[in-house]
Amino acid sequence: MNSGYGLGKVNALATIAATSGKVFIVAKTAAACADVLRQIYVPDNDGTIRYYTTIASAVAACTASRGDVVIIAEGHTESISSNSALTISTAGIRIVGLGTGSLRPTFTLDTATSARINITAANITFKNCIFVANFGDIVTCFLNNAGPEFQVVECEFRDTSSSLNFLAIVTTTVSVNADGLVFNSNRIQMKGTTAGTTPIKIAGTIDRVTINTNFVTKAVLNNTSCLLAHGALVVTNLEMDNNKIFSANTDSATGGFLITTSSTTNTGMVMNNKVQGLDTAAAILVTAGSKYGMFNNLYDGDADASGFVLPAIGAD
C-alpha cells in the first residue's frame with residue numbers, strides 16, 4: 001500500500017492531464033514509482049489497460065481526437081533506434097513528461113542517421129521531455145509528415161558530442177499539411193559541426209508557425225541558420241519572439257542567424273530576439289527580402305558587449 005501518498009499524486013496527475021479523454025501512464029516495471037502508479041492507473045471498467053512500459057504501447061491504446069493524454073513517469077528512458085521505432089499516428093494526443101532536471105523522461109536516438117520520431121496525425125503535443133542524439137548526423141528528431149498543429153513545448157535537445165549529433169529537431173516534408181507548428185520554450189544544445197545543421201527545417205509551404213522563447217547554443221561554423229530554414233517555401237503568419245541564440249557562426253552573408261530563406265512573400269513578425277555570434281563584418285539575422293516584420297531584435301558579435309538593433313531601425 002502507498003500509505004495515502006497516492007491521493008496527492010492522483011490530484012497532481014489530474015491537474016497535469018486536465019482532459020475529458022482517457023489518461024495513460026508510461027513507466028518501467030521496476031520504476032521507483034511503479035507500485036503507486038499501478039494503484040492509481042488500474043484498468044477502466046471497460047477493460048482498458050492504462051499502465052504501459054513504452055510510449056508506443058500507450059499511444060496504441062489512445063483513441064483519436066478524444067483528448068487522450070499519455071503521462072510519462074519521472075526517470076523513464078527509451079531508445080529510438082530506427083525510422084520506424086516510434087510513430088505517433090493517433091490524432092489529438094498530448095504526451096507529457098513528469099519530473100525536473102535529469103529526472104525528465106529521456107529518449108535517446110541512436111544506431112542510425114535515420115532514427116527519428118514520426119508525426120503522422122494532427123494535434124500531437126510533446127512536453128517536458130529530453131531528447132539525446134547518440135549517433136552521427138541524425139537527420140531529424142521529429143519528422144512531421146502530415147501532422148498539422150504539432151507542438152513541442154518545454155523540451156530539451158542535446159547532442160552527445162560534435163560527432164554524435166542532430167542535424168535538425170523538427171523537419172516537415174514536401175506537399176503535406178504541417179500548418180500550426182508550435183515550437184516554444186525549448187532548450188537546444190547543438191554540438192555538431194556538419195553543414196546544414198538547423199533546428200527547424202520547412203520543406204513545404206506552411207501557415208501559422210510559432211517559434212517563441214527558445215534557448216539555442218550552436219557550435220556550427222558555417223552559414224547555417226540557428227533557428228529556422230525554409231528555402232524557397234513560403235511561410236505565412238510566423239511568430240518568432242524572444243528567442244536567445246548563442247552561435248559560433250563567423251559569416252552570415254548568405255544565411256541569417258535566425259532565418260534563412262529565398263522566399264520573398266512571407267508574412268509574420270520576428271521580434272525581441274537576441275543573438276550572440278562571431279560575425280563582426282556584416283551580420284544578418286534574417287535573409288534580406290524575406291518581407292517579415294522586424295522589431296527590437298538584438299545582435300552582438302563582440303566579446304563582452306551588449307547587442308545592437310539589427311536590422312537597423314527604419315526611417316518611415
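Reader: How do you know that the radius of gyration of the protein chain agrees with that of a compact globule?
Author: The globule rule is 2.2 Å times the number of residues to the power 0.38, and the radius is taken over C-alpha atoms. For 316 residues a compact globule would come near 20 Å, and the protein chain has 21 Å, so the two agree. Along the principal axes, the C-alpha atoms fill a box of roughly 65 × 35 × 35 Å.

Reader: What kind of model do these values come from?
Author: The model is predicted: local features need pLDDT of at least 70, side-chain atom pairs count only at pLDDT 80 or more, and totals for chains, interfaces and linings use all residues. Residues are numbered from 1 along each chain as its sequence is written, and side-chain values use heavy atoms, with hydrogens and water left out.

Reader: How many helices and strands does the protein chain have, and what counts as one?
Author: There are 3 helices and 28 strands.

Reader: Why is S252 called buried?
Author: Buried means under 20% relative accessible area, exposed means over 50%, and partly exposed lies in between (1.4 Å probe, protein chains only). S252 has 1% relative accessibility, so S252 is buried. The residue sits in the loop between β22 (244-247) and β23 (259-261). Of the 316 residues of the protein chain, 49% are buried.

Reader: What makes the pair S252 and I284 a polar contact?
Author: A polar atom of the S252 side chain lies 2.8 Å from the backbone nitrogen of I284. The limit is 3.5 Å between N or O atoms; within protein, one must be able to donate a hydrogen and the other to accept it, and residues adjacent in sequence count only if both atoms are side-chain atoms. Contact in general needs heavy atoms within 4.5 Å. Leaving out residues up to four places away in sequence, S252 touches N223, F257, D279, A282, A283 and I284.

Reader: Why does A168 count as buried?
Author: Its relative accessibility is 0%, so A168 is on the buried side of the cut-off. A168 belongs to the loop between β13 (156-159) and β14 (170-172). Beyond four places in sequence, the residues touched by A168 include I138, C141, T198 and K201.

Reader: Why is S82 called partly exposed?
Author: S82 has 26% relative accessibility, so S82 falls in the middle class. S82 is in the loop between β4 (77-80) and β5 (86-88). A polar atom of the S82 side chain is 3.2 Å from the backbone nitrogen of S84, and 3.2 Å is also the figure for the backbone nitrogen of A85. Leaving aside neighbours within four places, S82 is in contact with S114, A115 and R116.

Reader: Which peptide bond is cis, and what is its omega?
Author: The bond joining L310 and P311 is cis, with omega about -5 degrees. P311 lies in the segment after β28 (308-309).

How values were computed:
Helix = DSSP H or I, 4+ residues; strand = E, 2+ residues; numbered from the N terminus.
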